[in-house]
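This report goes through one protein model, strand by strand, and then turns to its pocket and its confidence values. The sequence and the structure come first.

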Amino acid sequence: MKYGELAIFSGITDEEVESMIHCFRMRRARFEPGQTICAYGESGGEVGVLVRGQAALVRFDDAGTRTILERVESGGVFGEALAFTPELGDCVEVVSAGESEALFMEYGHLMKRCEKACAHHSKLVQNMFRLVADHTRRLSRRVEVLSRRSIREKLRCYFRLCRLEAGSDSFTLPFTLSALADYISTDRSAMMRELRKMREEGLVSVEGRQVVWREAGGATRAHSSR
């Protein structure tokens, strides 16, 4: 495995990573699709690094309603020490989206001063802070989406953000439409009805996970037809 391909180990050689794995007593684990990688409140203060595969940060409320909080890509980090501990009885889990593999380290090992003053330890901490900042930015984007009152406005906000990130009107959703309904915290059937209306108005084209956002042109056509 080339650890340098993972953002958290950027600028650190594979030999240095292997040394830290031994020094920090990191543990490695593999997971099947749908398996829980980490349950917040039970992780014992560990920080996880997804070294292979994809996962989702999922919240289950006391009624069993599932909400996707964030998508975790290969190289992503997770753990309650980097986010929050549920206070209202909600269950927050990192769930594997396919076959995946993760490294776990104790948060204390990561943040304490290295006795050998290793440069790669300092680099790891720098990388971690950058990833936490990215994590915060992604959650802020989701707050931006959820702050919209209607399903249509949530979809419009999310598609606009995707378009900005892709730099193109055409982009690929990071998850299925069912997962998108979870992400924007709405009923899937109601969301699909709204998407159908938006297609008919020429605002959007959706084929599987491929989306073409035509808001400007669609809005003009819709206005001229009235």
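## Strand S8 and its partners

Phe 31 stands opposite Ser 100 in S8. The model is a predicted one, and this residue pair belongs to the pairing of strand S1 (residues 27–31) with S8, an antiparallel arrangement joined by five bridges. Strand S3 (residues 46–52) also runs antiparallel to S8, with six bridges between them. In S8, Glu 101 is the residue opposite Arg 52. Of the seven residues of S8, six are buried, so the strand is largely enclosed by the rest of the structure.

Strand S8 covers residues 100–106, and Ser 100 lies in it. Is Ser 100 buried or exposed? The relative accessibility of Ser 100 is 0%, and because the limit for a buried residue is under 20%, Ser 100 counts as buried. Apart from neighbours within four places in sequence, the contacts of Ser 100 are Ala 29, Arg 30, Phe 31, Ile 37, Leu 50, Arg 52, Gly 53 and Gln 54. Phe 31, one of these contacts, is also the residue that stands opposite Ser 100.

Leu 103 is in strand S8 as well. Its relative accessible area is 1%, and Leu 103 is therefore buried. Not counting residues up to four places away in sequence, Leu 103 touches Tyr 3, Phe 9, Ile 21, Met 26, Arg 27, Arg 28, Val 47, Gly 48, Val 49 and Val 51. One of these, Ile 21, is 82 residues from Leu 103 in sequence, and the C-alpha atoms of Leu 103 and Ile 21 are 8.8 Å apart.

## Strand S7

Strand S7 (residues 91–96) is mostly covered, with five of its six residues buried. It pairs with strand S2 (residues 36–39) in the antiparallel sense over three bridges, and Ala 39 is placed opposite Glu 93 of S7. Strand S4 (residues 55–60) is joined to S7 by six bridges, and these two strands run antiparallel. Here Ala 55 is opposite Ser 96 in S7.

Val 94 sits in strand S7. Why is Val 94 classed as buried? The reason is its relative accessible area of 0%, since buried means under 20%. Leaving out neighbours within four places in sequence, Val 94 is in contact with Gln 35, Thr 36, Ile 37, Cys 38, Tyr 40, Ala 55, Ala 56, Leu 57 and Phe 78. Val 94 and Val 58 are separated by 36 residues in sequence, with a C-alpha to C-alpha distance of 6.1 Å.

Which residues of strand S11 (residues 210–213) make up its covered face? Val 211 and Trp 213 do, while Gln 210 and Val 212 form the uncovered face. In a regular strand, side chains alternate between the two faces of the sheet.

S9 and S11 run antiparallel and are joined by three bridges. Strand S10 (residues 204–207) pairs with S11 in the antiparallel sense too, over four bridges. Val 212 in S11 is the bridge partner of Ser 170 and also of Ser 205. S10 and S11 form a hairpin with two residues between them, and Gly 208 in the turn has a positive phi of about 65 degrees.

## The largest pocket

The largest pocket holds about 660 Å³ of space. Its lining consists of 32 residues, and those nearest the centre are Glu 70, Arg 71, Glu 73, Arg 138 and Glu 165. Two or more lining residues come from each of strand S5 (66–72), strand S6 (77–78), helix H3 (119–146), helix H4 (151–166) and strand S9 (170–172). H3 gives the most, with seven residues. By class, the lining has 19 nonpolar, six polar and seven charged residues.

## Confidence

The mean pLDDT of the protein is 83, and 85% of the residues reach 70 or more. Helix H6 (residues 188–200) has the highest confidence, at a mean of 95, and helix H7 (residues 215–225) has the lowest, at 43. The pLDDT is below 50 over residues 217–226, a stretch with six contacts in the model beyond near neighbours in sequence. Where pLDDT is low, the predicted coordinates should not be read in detail.

Technical notes:
Residues are numbered from 1 along each chain as its sequence is written. This is a predicted model: local features need pLDDT of at least 70, side-chain atom pairs count only at pLDDT 80 or more; totals for chains, interfaces and linings use all residues. Side-chain values use heavy atoms; hydrogens and water are left out. pLDDT is the predictor's confidence in each residue, from 0 to 100. Contact means heavy atoms within 4.5 Å. Buried means under 20% relative accessible area, exposed over 50%, partly exposed in between (1.4 Å probe, protein chains only). Two strands pair if DSSP finds at least two bridges between them. On a 1 Å grid over the protein atoms alone, a cavity is a set of points where a 1.4 Å probe fits but cannot get out, and a pocket is an open set with protein on both sides within 12 Å along at least five of seven lines; lining residues have an atom within 4 Å of a point. Grid points are joined across faces, edges and corners, and a volume is the space filled by probe spheres set on the points. Ala, Val, Leu, Ile, Met, Phe, Trp, Tyr, Cys and Pro count as nonpolar, Asp, Glu, Lys and Arg as charged, and the others, Gly among them, as polar.
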